[in-house]
Amino acid sequence: MFHSARIKLTAWYLLIIMVVSLSFSGVIYKETVTELERGFRVMALRHQANEMGILLPRIFSGRPEDLPPLLREAPAQYFLEEDFWEAKKRVLLNLLLINGAILVFSTLSGYFLAGKTLRPIEKSLEEQKRFIADASHELRTPLTALRTSMEVSLRDTKMPLSEAKTLIKSNLEEVVGLQSLSDKLLSLACFQGNGHSLNFKEVDIAEAVGKVTKKILPLAKEKEIKLAEKVGSQIIWADEENLQEMLWIFLDNSVKYTPRGGKVIIETKSDKKWLIIKVEDTGIGIAEEDLPYIFDRFYRADQSRSKEEVAGFGLGLSLAKKIIEMHKGTIGVSSVLGKKTIFTIRLPLKHS
Ligand code: ADP
């Protein structure tokens with residue numbers, strides 16, 4: 001599909017270039033032939049005037065009304081018809097050669113340019129295809145599990161009420177997980193197509209962090225994790241909802257991947273241009289070989305995948321990265337396996 005689109009686009013480029021080039025060549029040919037004819041005629045008249053002993057001015061148009069009466073009446077003897085035709089032929093041939101060269105050059109450069117123009121479209125189409133394939137793959141597994149468990153329990157006519165309730169509870173947990181997956185997929189899809197218009201305004205980072213830590217606190221308490229906040233008031237230009245979503249992702253991960261009794265610290269600093277947010281935990285850490293991939297969609301490092309109690313789909317960090325990019329910020333990570341992980345987010349203070 002990409003190849004045929006590239007050829008079609010090249011053909012359009014060629015058509016436009018050749019229409020322009022041939023039209024110009026037509027005009028150039030007509031003007032050159034008129035001038036040639038005038039030149040040949042002037043030459044012939046000068047020759048004839050010489051023969052007749054008539055002196056012609058140095059600049060002379062060759063028009064009949066500008067001719068001395070004697071010369072006007074004399075028959076034109078020295079107009080070199082064959083040479084004139086030969087000169088016309090040469091002009092035509094040269095123009096055809098130039099147009100041929102333009103055709104070859106435009107075909108090659110048009111094909112190259114068409115490829116360059118279509119490459120981002122092709123990339124985004126591929127990205128979309130991969131996204132749909134990944135999403136359906138991730139949705140299929142929990143949906144199949146849900147369906148099987150419901151079908152089995154429907155067939156069991158003697159299932160006690162307590163067992164049925166346990167089953168419904170676990171199915172409900174699956175549904176909540178699926179809901180969070182579809183929410184994340186939707187946000188990612190919106191950012192992917194850049195169809196998501198962010199609502200930028202002045203936001204106090206201390207307030208945003210405060211709101212998120214309030215929500216995360218019960219989860220931290222449940223795991224006896226100490227949550228420390230060293231955040232001063234600082235106004236930044238951001239989309240509040242997405243900023244909170246991004247903070248939630250980092251804090252939630254820190255709590256998820258930190259064993260009972262650990263510590264999570266969120267702190268902010270700022271310099272002239274940037275607000276620097278640091279989220280540090282004393283958790284399981286990330287292996288060096290996993291670090292380059294953790295921001296990829298659906299990527300989960302081995303140690304988190306093998307621990308079944310850590311729920312997740314591998315979408316959080318890719319969503320967080322997208323949000324940071326939409327704010328023209330950057331993200332960095334450092335980690336010591338089994339000891340700690342530090343995420344450093346830099347967001348511009350001013351609206352650019
Ligand atoms: P999820 O947490 O749903 O698996 P994410 O995209 O949020 O997906 O994270 C991707 C992977 O990065 C996680 O599976 C985990 O292996 C690793 N990770 C992210 N944050 C941390 C952290 N604070 N400590 C250790 N590993 C982390």
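Contact here means heavy atoms within 4.5 Å. By that criterion, and leaving aside neighbours within four places in sequence, Thr 10 is in contact with Thr 107, Gly 110, Tyr 111 and Ala 114. This is a predicted model, in which local features need pLDDT of at least 70 and side-chain atom pairs count only at pLDDT 80 or more, while totals for chains, interfaces and linings use all residues. Residues are numbered from 1 along each chain as its sequence is written, and side-chain values use heavy atoms, with hydrogens and water left out.

Helices and strands are DSSP runs numbered from the N terminus: helices are H or I with at least four residues, strands are E with at least two. Buried means under 20% relative accessible area, exposed means over 50%, and partly exposed lies in between (1.4 Å probe, protein chains only).

**Helices**

- Helix 1 spans residues 2–52, which is 51 residues. From first C-alpha to last it reaches 74 Å, close to the 75 Å expected at 1.5 Å a residue. The expected span is 1.5 Å times one less than the number of residues.
- Thr 10 sits in helix 1. Thr 10 counts as buried, at 6% relative accessibility.
- Helix 3 covers residues 81–155, with 75 residues. Its C-alpha span is 105 Å from first to last, close to the expected 111 Å.
- Helix 3 bends by about 35° at Leu 118. A proline, Pro 120, follows within four residues. The bend is the angle between axes fitted to the seven residues ending at a position and the seven starting there.
- Lys 184 belongs to helix 4 (residues 161–192). Lys 184 is partly exposed, with a relative accessible area of 23%.
- Beyond its neighbours within four places in sequence, Lys 184 is in contact with Leu 315, Gly 316 and Leu 319.
- Lys 184 and Tyr 29 are 155 residues apart in sequence. In space they are 65 Å apart, C-alpha to C-alpha.

**Nonpolar cores**

- A nonpolar core is a set of buried Ala, Val, Leu, Ile, Met, Phe, Trp, Tyr and Cys residues joined through side-chain atoms within 4.5 Å.
- The largest such core has 48 residues. Those with the most contacts inside it are Leu 243, Met 246, Leu 247, Phe 250 and Ile 277.
- Helix 6 (residues 240–256) gives the most to this core, with seven residues.
- A second, separate core has eight residues, including Val 42, Leu 45, Ile 54 and Leu 56.
- Leaving aside neighbours within four places in sequence, Leu 247 is in contact with Ile 205, Ala 208, Val 209, Val 212, Ile 266 and Ile 277.

- Five strands form an open sheet in the order 2-4-5-7-6, with mixed pairing. Two strands pair if DSSP finds at least two bridges between them.
- The edge strands are strand 2 (226–230) and strand 6 (330–336), and each pairs on one side only.
- Neighbouring strands of this sheet are turned by 10° against each other on average, direction ignored. Axes for such angles are lines fitted to C-alpha atoms, for helices over the stretch in contact, and angles run from 0 to 180 degrees between N-to-C directions.
- Strand 4 (residues 263–270) and strand 5 (residues 274–281) run antiparallel, joined by seven bridges. They form a hairpin with three residues between them.
- Ile 265 has Glu 280 in strand 5 as its bridge partner. Lys 269 stands opposite Ile 276, also in strand 5.
- Eight bridges join strand 5 to strand 7, and these two run antiparallel. Ile 277 stands opposite Ile 345 in strand 7.
- Strand 6 and strand 7 (residues 340–348) run antiparallel, with seven bridges between them. Gly 332 has Thr 344 in strand 7 as its bridge partner.
- Strands 6 and 7 also form a hairpin with three residues between them. Gly 338 in that turn has a positive phi of about 80°.

- Phe 298 has a phi near 65°, a positive value in a residue other than glycine. Phe 298 lies in the loop between strand 5 and helix 7 (302–306). Phe 298 is buried, with a relative accessible area of 15%.
- Lys 328 is not a glycine either, yet has a positive phi of about 60°. Lys 328 lies in the loop between helix 8 (316–326) and strand 6. Lys 328 is exposed, with a relative accessible area of 56%.
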